[in-house]
Structures are given as C-alpha cells and as structure tokens.
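This report describes charged pairs, a surface patch and aromatic contacts in one protein model. The sequence and structure are shown first.

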Amino acid sequence: QGTYKKFMNQLKKIPLLILDEWMLVPLTELEARDLLEIVEARHKRASSIFVSQFSPKGWHNRIGSEGTLADAILDRIVHDSYEIVIAGEDSMRRRKGIRSKK
C-alpha cells in the first residue's frame, strides 16, 4: 500500500518535528536506521525538537547496537543544536496529584 513510505516522507517534510519522550526506551537497529533516514533528510532543512529525560551524553548507548549508526544520527542531531535543561524539585505528577502504581 505504500503507507510506510508515505509516512516517512511526511516526517521528512514537516516544518517542525517534535519527538517527546525521546530515548525513553532504547531503539532497535531497524528503528535506528529509520531515524537516521529521517534526521538525514531533515538535517539543515527543517527544525526538530527532542524532548528527553536523559542527557544527550547517554543517547549514544540507547541508539541501536551499532556504534557507527548512533554516531551518524547524533552527528546530525547534536551539532548545530541548542540544549535547554529544565531542572527543579517539582514534578507534573506531584502538581497534578498523579500517583505511581506500586
């Protein structure tokens, strides 16, 4: 049906791509390859925001199993980027009264 290819092309072309919960779970090798295709197509052409609880220093280990693949992805994401760190004691869960299940 070509829906996967259409979706990938849409991701490459939208003006601003926001990936929330970035690196919440490690990527499989296939996911890392798809990500490389997307960031390569968007590199210096469109804006992307990566929202993560993890420092960019830890992203390399969470991207696929192949180091060169992670290097290629991070080269396109980290270089020419801005890092905004939001720190604080308060959390959304505490403010909204959301309790974790134990």
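## Basis of the description

A residue is called buried under 20% relative accessible area, exposed over 50%, and partly exposed in between, using a 1.4 Å probe and protein chains only. The model is predicted: local features need pLDDT of at least 70, side-chain atom pairs count only at pLDDT 80 or more, and totals for chains, interfaces and linings use all residues. Residues are numbered from 1 along each chain as its sequence is written, and side-chain values use heavy atoms, with hydrogens and water left out.

Helices (H or I, at least four residues) and strands (E, at least two) are DSSP runs, numbered from the N terminus.

## Salt bridges

Side chains of opposite charge can pair when their charged atoms come close. Here a salt bridge requires a side-chain nitrogen of Lys or Arg within 4 Å of a carboxyl oxygen of Asp or Glu. Searching the whole structure gives four salt bridges. One of them joins Glu37 and Lys12, with an N to O distance of 2.7 Å. This pair connects distant parts of the chain, as Glu37 belongs to helix α2 (residues 29-42) and Lys12 to helix α1 (residues 3-13), 25 residues apart. Both ends are partly exposed: Glu37 has a relative accessible area of 37%, and Lys12 has one of 21%.

Glu29 and Arg33 form another salt bridge, in which the closest N and O atoms are 2.7 Å apart. The two residues are four residues apart in helix α2, and therefore about one helical turn separates them. Glu29 is partly exposed at 31% relative accessible area, and Arg33 is partly exposed at 42%.

A salt bridge also links Asp80 to Lys44, with 2.9 Å between the closest N and O atoms. It spans distant parts of the chain: Asp80 is in the loop between α4 (67-78) and α5 (92-96), while Lys44 is in the loop between α2 and β2 (47-50), 36 residues apart. Asp80 is exposed, with 62% relative accessible area, and Lys44 is exposed, with 67%.

## Nonpolar surface patch

Leu16, Ile18, Ile49 and Val51 make up a nonpolar patch on the surface, and their accessible area together is about 320 Å². Patches consist of residues with over 30% relative accessible area and no salt bridge; like charges are joined within 9 Å and nonpolar side chains (Val, Leu, Ile, Met, Phe, Trp, Tyr) within 5 Å. Accessible areas come from the Shrake-Rupley method with a 1.4 Å probe, and for residues only the protein chains shown count as cover. Ile49 is located in strand β2 and is partly exposed, with 38% relative accessibility.

## Aromatic contacts

Rings of Phe, Tyr and Trp (its six-membered ring) pair if their centres lie within 6.5 Å; planes under 30 degrees apart count as stacked, over 60 as edge-to-face and the rest as tilted. Three aromatic pairs are present in the structure. The ring centres of Trp22 and Trp59 are 5.6 Å apart and their planes stand at 80 degrees, so this pair is edge-to-face. Trp22 is in the loop between β1 (16-19) and α2, and Trp59 is in helix α3 (residues 59-62), so the pair ties together parts 37 residues apart in sequence. Both Trp22 and Trp59 are buried. Phe50 and Trp59 have ring centres 6.4 Å apart and planes at 50 degrees, so their pair is tilted. Phe50 is buried, as is Trp59.

Arg62 lies over the face of Phe54, 4.3 Å from the ring centre. A charge sits over a ring if NZ of Lys or CZ of Arg is within 6 Å of the ring centre and within 35 degrees of the ring normal.
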